[in-house]
Amino acid sequence: VSAHADAGHAHAAHPPVAHQSSRIDARMLGMLLFIASEIMLFGSFFTAYFFIRVVNHQPWPPAQFHLPVYVAFINTCILVTSSFTIHWALQAIKRGSRAGLQAGLALTFLMGLTFLLTQILEYARIGFTPHDQAFGTVFFCLTGLHGAHVFVGLTILAAMAARAFRGHFSPEEHHGVEIGGIYWHFVDVMWIVVFTTIYIL
Amino acid sequence: VQNPLRSEAAAFRFLLLTIGYFALIALAAWINTWLGVAVFVLLTALIVYRLTRRS
């Protein structure tokens, strides 16, 4: 009876391991499903963009819209560099370098913040608003949607950096950095698509 | 077809490929619009061919 009671107590203290029906880790699966839904969301915005562009029988973008291509290009370089630093951060913790992880995450956060602040400043000086024709609406919707994703990414990065500076993560356990890194690379990929289609092509 | 976001390293590689893909299209389109379209079709066909060959 005593052994049975002990077993019951142990069971109460430690919940049983959750049943796992997938080969993919549940946390990774959650992130992949989230990214899949985000791709569909971006897809709907791009559909609107290309529809407006195709039905518009004038030069694109319309003559009165002047996009800050050089600033956006510098911003693109900053965001792409931040993907290198988060990759470096993960490689560092895999090698057991906590300082490398902390530096990589801090640099990634700072570059992401620089990107977002530059974009906000550009919104203030761009010379048109979301109310100015369909182009103005779709421009602010697409770049704003991406900006919102950068903000979410920065929140994740802040949580990862806080954990890294508190001594979390190790060469064996760094799943939090891995999943956050995947999300950050996804945000970068989406920006490459947004930048190329809106600013360049 | 392998998931390009199965790990951080795979996602990083996917990002680099995306940059190369769009850089080539943008460069070709800058030279000539129809050259950009041709590069887009060529690269997309190449990617589809590689993906279908692998699976």
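Buried means under 20% relative accessible area, exposed means over 50%, and partly exposed is in between (1.4 Å probe, protein chains only). Keep that in mind for the exercises below.

This is a predicted model, in which local features need pLDDT of at least 70, side-chain atom pairs count only at pLDDT 80 or more, and totals for chains, interfaces and linings use all residues. Residues are numbered from 1 along each chain as its sequence is written, chains are lettered from A and ligands numbered from 1 in the order in which they are written, and side-chain values use heavy atoms, with hydrogens and water left out.

**Exercise 1. Work out which class Ala29(B) falls into, buried, partly exposed or exposed, and find what it touches.**

Step 1: Locate the residue. Ala29(B) sits in helix H1 of chain B. Helices here are DSSP runs (H or I, at least four residues), strands are E runs of at least two, and both are numbered from the N terminus.

Step 2: Apply the cut-offs. Ala29(B) has a relative accessibility of 24%, so it counts as partly exposed.

Step 3: Look for its partners, where contact means heavy atoms within 4.5 Å. Leaving out residues up to four places away in sequence, Ala29(B) touches Leu201(A) and Gly36(B).

Step 4: Leu16(B) is 13 residues away from Ala29(B), and their C-alpha atoms are separated by 20 Å.

**Exercise 2. Find how H6(A) and H1(B) are oriented to each other.**

Step 1: Get the angle. Axes are lines fitted to C-alpha atoms, for helices over the stretch in contact, and angles run from 0 to 180 degrees between N-to-C directions. Helix H6 of chain A (residues 175–200) and H1(B) have axes that come within 8 Å and cross at roughly 10 degrees.

Step 2: Name the orientation. Angles under 35 degrees count as roughly parallel, over 145 as roughly antiparallel, 65 to 115 as roughly perpendicular, and the rest as oblique. H6(A) and H1(B) are therefore roughly parallel.

Step 3: Pick out some residues that meet. On the H6(A) side they include Ile182(A), Val189(A) and Ile200(A), and on the H1(B) side they include Phe12(B), Leu15(B) and Phe22(B).

**Exercise 3. Count the aromatic pairs and describe one between Phe84(A) and Phe12(B).**

Step 1: Use the rule. Rings of Phe, Tyr and Trp (its six-membered ring) pair if their centres lie within 6.5 Å; planes under 30 degrees apart count as stacked, over 60 as edge-to-face, and the rest as tilted. That gives 23 aromatic pairs over all chains.

Step 2: Classify the pair. Phe84(A) and Phe12(B) are 5.0 Å apart centre to centre with 90 degrees between the planes, and form an edge-to-face pair.

Step 3: Phe84(A) lies in helix H3 (residues 69–94) of chain A and Phe12(B) in helix H1 (residues 8–31) of chain B, so the pair joins two chains.

Step 4: Check the accessibility. Phe84(A) is partly exposed at 41%, whereas Phe12(B) is buried at 8%.

**Exercise 4. Look at the backbone of Pro61(A), Gln133(A) and Phe169(A).**

Step 1: Trp60(A) and Pro61(A) are joined by a cis peptide bond, with omega about -5 degrees. Pro61(A) is in the loop between H2 and H3 of chain A.

Step 2: Gln133(A) has a positive phi, near 60 degrees, although it isn't glycine. Gln133(A) belongs to helix H5 of chain A and is partly exposed at 43%.

Step 3: Phe169(A) isn't glycine either, and its phi is near 75 degrees. Phe169(A) is in the loop between H5 and H6 of chain A and is buried at 8% relative accessibility.
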